[in-house]
Amino acid sequence: MSMIADFYGGKSILITGATGFLGKVLMEKLFRTSPDLRVIYILVRPKAGQTLQQRIFQILNSKLFEKVKEVCPNVHEKIRAISADLNQNDFAISKEDMQELLSYTNIIFHCAATVRFDDHLRHAVQLNVTATQQLLLMASQMPNLEAFIHISTAFSNCNLKHIDEVIYPCPVEPKKIIDSMEWLDDAIIDEITPKLIGDRPNTYTYTKALGEMVVQQESGKLNIAIIRPSIVGATWQEPFPAGKGFLRSIRATPMAVADLIPADIVVNLTLAVGWYTAVHRPKSTLIYHCTSGNLNPCNWGKMGIQVLATFEKIPLERAFRRPKADFTTNNVTTQYWNAVSHRAPAIIYDFYLRLTGRKPRMTKLMNRLLRTLSMLEYFINRSWEWSTYNTEMLMSKLSPEDQRVFNFDVRQLNWLEYIENYVLGVKKYLLKEDMAGIPEAKQHLKRLRNIHYLFNTALFLIAWRLLIARSQVARNVWFFIVSFCYKFLSYFRASSTLKV
């Protein structure tokens, strides 16, 4: 019998961010392993033209919850949607709903956050810092609360190379930041933002660090733990292992560690931490790093090769000999060349779509992808070291059955199998594509790659022709190359004649 699964039986659980990716996976695991839990409260922002019950139905009607419906047929009765807005004071929760939450909640999983890297500081502070502060205030009024689990990020202190399982202070106190956001206008906030975030890359990582400080300062007598996952990816094993074909390269450092962590590992650790925090009541707030780089590293170069081998179904040893992703430096010239070489084939392809009477879409989609990738470059060109003492300690505390049911040992993960399932899962579950269409997708990828190569070749020849016209040195170099090639071919032909 699983002690962790048994612990959540009969519990009333509050999850923020339940409509997000990680929140849904967390709910699914709870219902599947502890179907006798009392209720899961989810905070749902009101949406025009859709009732709270319709939002619940939409969540439960997804592929993710198919197994849950078999184990817990009355699952829809165990989800209680609470109308709430984390941008408002007291989350705009009604008096009746607030009273129910305060009276019955046993466990809080705080997953809600803005994960937009380019979010305005005011909005990022509201969701990642102020909302955390308000939720802690609510938690302090819950007489039956046993544990408060805060989901942060492993990159909250990405300005450091080595990161321990401790809370690092920010130069300015969170309370001062929260107060200043209430009266400063946007122009002043925009001006001071670079100074506040310092050597962090964006407002997301900065405000997540502030959120951790708030948890530390306002925890009071609550049993609290913080989990720091790295880049959360598709599920590895549960509830099931999970490209369109035109993004063929990214700018990344080949040897930089791709610190990706499957969502089900994050969820398993989260539930194990909730159990341990409530039952063992550590004397201080423990922080758990949920990362893969130090235990089972996989660099971006290797991952790119694995994606190539998976998508094109070629042997891995051949993939190592194929042209790999464009791992380049970050100088201005290279960035300009990459932007042109990515967008131009998309523009050409859209022109082809227009000629065939179809709606052009590639340029718009490519611009969105490039914008996203530009924000990720900071993270895919660097490597960090995270200590995992608390995570390994917790693993040693679990029974063999809990280690199986709530497995968060990333050392068991086979990256090649995971990436293969990841790519196929994106096609099947996200893009809703027929798996029989893989050969067509390969042809699609081949066409776009040929357009990319042809465009680059044409651009190079035009640039070289202009250079020859303007530079005597370039003309001399070109004459030398042509002469050398001619002599080599003449020698090769003469040698062949002598052998005969």
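Rings of Phe, Tyr and Trp (its six-membered ring) are taken as a pair if their centres lie within 6.5 Å; planes under 30 degrees apart count as stacked, over 60 as edge-to-face and the rest as tilted. This is a predicted model, in which local features need pLDDT of at least 70 and side-chain atom pairs count only at pLDDT 80 or more, while totals for chains, interfaces and linings use all residues. Residues are numbered from 1 along each chain as its sequence is written, and side-chain values use heavy atoms, with hydrogens and water left out.

Phe117, Phe155, Tyr204, Tyr378, Phe379, Trp384 and Trp386 make up one aromatic cluster. By the ring rule there are 13 aromatic pairs. One of them joins Phe379 and Trp384, which is tilted because the ring centres are 6.3 Å apart and the planes stand at 35°. Phe379 and Trp384 are both buried (under 20% relative accessible area; exposed is over 50%, partly exposed in between, with a 1.4 Å probe and protein chains only). Trp415 and Tyr418 form an edge-to-face pair, with 5.8 Å from centre to centre and 80° between the planes. These two residues are three apart in helix α17 (residues 415-430), so about one helical turn separates them. Helices (H or I, at least four residues) and strands (E, at least two) are DSSP runs, numbered from the N terminus. Trp415 and Tyr418 are both buried.

Turning to charges, the whole structure holds 11 salt bridges, each a side-chain nitrogen of Lys or Arg within 4 Å of a carboxyl oxygen of Asp or Glu. Lys11 and Glu146 meet in one of them, at 3.9 Å from N to O. This pair links distant parts of the chain, 135 residues apart, and both residues are buried. Arg32 and Glu28 form another, at 2.6 Å from N to O. They are four residues apart in helix α2 (residues 21-33), so they are separated by about one helical turn. Arg32 is buried at 18% relative accessible area, and Glu28 is buried at 1%. Asp186 forms a salt bridge with Arg122, the closest N and O atoms being 2.7 Å apart. Asp186 is partly exposed at 41%, and Arg122 is partly exposed at 27%.
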